[in-house]
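I opened this notebook to keep track of what I looked up, entry by entry.

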Amino acid sequence: MEWLKVLKEDVLRFLKEKEGNKSTLEEIAIESKVDKEDVIEAVKSLEKDNFVNFERQEVYLTEDGKKEAESIYEKHNFVESLYGHQIAHALEHYAMKDMKKAFEVASSPKKLKDFKEQQVGFVVRISIDNPMILSRLIGLGFAPGSYFKIIKKREDFLVVESHGRLVVLGKEVGDGIEGVETFEDSSGRTA
């Protein structure tokens, strides 16, 4: 996922949460935990998309921006109700259709260790209490709605491909990720 797209969505959500749907570049940079130059790049792109206006160091939502921000905000609140605030910030950037698909098929998942080598799956649930590990997994693309392929299985670890990356998962982490078999490859394309 492109970092600028993520930052633009964060800016829209943040502006939606602010009274009057406006803020300064400095406030956005602090909230987003990025450099002001990155915020400026995101704001300029949002301005081209007609989602924000930028005048006198203030950024505010346009009517189109309010609609887009509302969509992001609703997705954020939906995910937050299921997984909590921190996870919502990471998952809100995935397409809602992918997230809905994950929740629809979640009735018969199995643990990653129960998949066979070369088998492709779709993540439907992550049950990991450690927020550091959970954040890292989501950063690697292991979130509800993402595809994976089991490359190698050993008793104490798994080698998994997701989003074009090979990742080694320890047994405990692999036991905390559940998915369902699919006929698409790990990039989400039909095999």
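**Entry 1: Ser-45 and its surroundings**

Leaving aside neighbours within four places in sequence, I found Ser-45 in contact with Leu-4 and Lys-8, where contact means heavy atoms within 4.5 Å. I note that this is a predicted model, in which local features need pLDDT of at least 70 and side-chain atom pairs count only at pLDDT 80 or more, while totals for chains, interfaces and linings use all residues. Residues are numbered from 1 along each chain as its sequence is written, and side-chain values use heavy atoms, with hydrogens and water left out.

I placed Ser-45 in helix 3; helices (H or I, at least four residues) and strands (E, at least two) are DSSP runs, numbered from the N terminus. Ser-45 counts as buried at 18% relative accessibility, since buried means under 20% relative accessible area, exposed over 50% and partly exposed in between (1.4 Å probe, protein chains only).

**Entry 2: helix 1 against helix 3**

At what angle do helix 1 and helix 3 pack? I read about 80 degrees for helix 1 (residues 3–17) and helix 3 (residues 36–48), with their axes 9 Å apart; axes are lines fitted to C-alpha atoms, for helices over the stretch in contact, and angles run from 0 to 180 degrees between N-to-C directions. The two helices are therefore roughly perpendicular to each other, a term for 65 to 115 degrees, whereas under 35 counts as roughly parallel, over 145 as roughly antiparallel and the rest as oblique. Among the residues making this contact are Leu-4, Leu-7 and Lys-8 of helix 1 and Ala-42, Ser-45 and Leu-46 of helix 3.

**Entry 3: helix 2**

I listed Leu-25, Ile-28, Ala-29 and Ser-32 as the buried residues of helix 2. Seen down the helix axis, they fall within an arc of 100 degrees (taken from the directions from the axis to the C-beta atoms), so they line one face of helix 2. What covers them includes helix 1, strand 1 (22–24), helix 3, strand 2 (52–55) and strand 3 (58–61).

**Entry 4: salt bridges**

I counted 12 salt bridges in the structure, each a side-chain nitrogen of Lys or Arg within 4 Å of a carboxyl oxygen of Asp or Glu. Asp-49 and Lys-8 form one of them, at 2.9 Å from N to O. Asp-49 lies in the loop between helix 3 and strand 2 and Lys-8 in helix 1, so this pair ties together parts that are 41 residues apart in sequence. Lys-8 is buried at 16% relative accessibility, whereas Asp-49 is partly exposed at 35%.
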